[in-house]
Amino acid sequence: MIAAQAKLVYQLNKYYNERCQTRKAAIAKTIREVCKVVSDVLKEVEVQEPRFISSLSEIEARYEGMEVISPNEFEVVLYLNQMGVFNFVDDGSLPGCAVLKLSDGRKRSMSLWVEFITASGYLSARKIRSRFQTLVAQAVDKCSYRDVVKMVADTSEVKLRIRERYVVKITPAFKCTGIWPRSAAQWPMPHIPWPGPNRVAEVKAEGFNLLSKECYSLTGKQSSAESDAWVLQFSEAENRLLMTGCRKKCLSVLKTLRDRHLELPGQPLDNYHMKTLLLYECEKHPRETDWDESCLGDRLNGILLQLISCLQCRRCPHYFLPNLDLFQGKPHSALEAAAKQTWRLAREILTNAKSLDKL
């Protein structure tokens, strides 16, 4: 048994050093290329409208605010200034979303974003996005990369297609620090010892982002509340939780397996599903010794089996917002195909560690 475990860990380390590192290097190269274009477009936007200041910056060879959705799809979060005159309202009526309401006694004119405030005093995510979309469309025509970049039509989100190969979504957002959303108040569960009080305090201080994007939990319910709402996002908090042990290595292997074998029609799975299931696995195995390098094989198998279970039940709850289902709106046939394919992968890895050479 121990020999089999050791063999799997050996093969996984080999896989990590060959496949995962190659993937990382290729994505890093793509990000540099993509960020040059996006930075140029955002520079043009800023000239037209100084309220939209590019927050895309390179820190230690990593771009702050850049999320990799898949090797050809990225999201850049553009942080806006001056949320101060608004109250954050999160009453659970819109799963995964919250609204920003003008604070009592504050005049509209005190806000930098005065023309995007609705009659009832809400800062409209849709109105800001619509204005930003117009500015980006103009900037694309003027920027020095105009031959290789174009806007993706028929979406209310701001998406660029670069060199006909990459899609980049640019999402206006506010950073919220020092507060924690009521809809995530159940975290951490009192009976689960991970991640421990000190790390919990760090994560909550890190806060979350409010994104102006289409909220998939509400598609079909086109109410005015929905179009004004902002989507909650916790990427910094999640990254902080995954900093120790072999967690990041495990995520890298999962992403590589997804890119190579689970990129399926209907796009049932993305990197975020992998990250979410890894966070749940951390709760199931709360001791730091459970995340020693020697346990990498066990943790990976646990996550793949949990993924199969989620795909078969057609439900994958968001880690911080369990009322939000990350499979909502995904075609059932795509989830079924992904379950079968994940089962094939898991069986192959479980029964023959050497198969990783071919995966």
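**Notebook: helix H7 and its surroundings**

I began with the crossing of helices H6 and H7, which is right-handed. I noted the rule for this word: a crossing is left-handed if the near helix is turned anticlockwise from the far one by less than a right angle, and right-handed if clockwise. The helix names also need a rule: helices (H or I, at least four residues) and strands (E, at least two) are DSSP runs, numbered from the N terminus.

I recorded that this is a predicted model, in which local features need pLDDT of at least 70 and side-chain atom pairs count only at pLDDT 80 or more, while totals for chains, interfaces and linings use all residues. Residues are numbered from 1 along each chain as its sequence is written, and side-chain values use heavy atoms, with hydrogens and water left out.

**Entry 1: H6 against H7**

I looked up the axes of H6 and H7, which come within 10 Å and cross at roughly 145°. Axes here are lines fitted to C-alpha atoms, for helices over the stretch in contact, and angles run from 0 to 180 degrees between N-to-C directions. I then listed the residues in contact (heavy atoms within 4.5 Å). H6 contributes Arg247, Cys250, Leu251, Leu254, Lys255, Arg258 and Asp259, and H7 contributes Asn271, Met274, Lys275, Leu278 and Cys282. By class, this contact of H6 with H7 holds 6 nonpolar, 1 polar and 5 charged residues. For the classes, Ala, Val, Leu, Ile, Met, Phe, Trp, Tyr, Cys and Pro count as nonpolar, Asp, Glu, Lys and Arg as charged, and the others, Gly among them, as polar.

**Entry 2: H7 itself**

I checked the length of H7, residues 271-284. At 1.5 Å a residue, its 14 residues should span 20 Å, and its end C-alpha atoms are 20 Å apart, which agrees. The expected span is 1.5 Å times one less than the number of residues.

I asked how many of the 14 residues of H7 are buried. The count is 11, and H7 is thus mostly covered. Buried means under 20% relative accessible area, exposed over 50%, and partly exposed in between (1.4 Å probe, protein chains only). Among the buried residues I found His273, Thr276, Leu279 and Glu283.

At the N-terminal end of H7, I found Asp270 as a cap: a side-chain oxygen of Asp270 lies 2.9 Å from the backbone nitrogen of Tyr272.

**Entry 3: Asn271**

I located Asn271 in H7 and looked up its accessibility. At 4%, Asn271 counts as buried. Its side chain makes a polar contact with the side chain of Arg258, at 3.4 Å. A polar contact is a pair of N or O atoms within 3.5 Å; within protein, one must be able to donate a hydrogen and the other to accept it, and residues adjacent in sequence count only if both atoms are side-chain atoms. A polar atom of the Asn271 side chain also lies 3.4 Å from the backbone oxygen of Val68. Leaving out residues up to four places away in sequence, I noted that Asn271 touches several residues, including Arg23, Ile69 and Ser70.

**Entry 4: H7 against H8**

I turned to helix H8, residues 296-313, whose axis comes within 10 Å of that of H7 and crosses it at roughly 115°. This crossing is right-handed. On the H7 side, Met274, Leu277, Leu278, Glu281 and Lys284 take part, and they meet Asp298, Arg299, Gly302, Ile303, Gln306, Leu307 and Cys310 in H8. By class, the contact has 6 nonpolar, 2 polar and 4 charged residues.

**Entry 5: H9 and His261**

Among the buried residues of H9 are Gln341 and Leu345. His261, in H6, touches Gln341, Leu345 and Leu359, not counting residues up to four places away in sequence. At 19% relative accessibility, His261 counts as buried.

**Entry 6: the backbone**

Most residues other than glycine have a negative phi, and most peptide bonds are trans. I therefore noted the following exceptions. Phi of Gln267 is near 40°, and Gln267 is in the loop between H6 and H7. Phi of Arg314 is near 60°, and Arg314 is in the loop between H8 and H9. The bond from Trp187 to Pro188 is cis, with omega near -5°. A cis bond also joins Trp194 and Pro195, where omega is about 5°.
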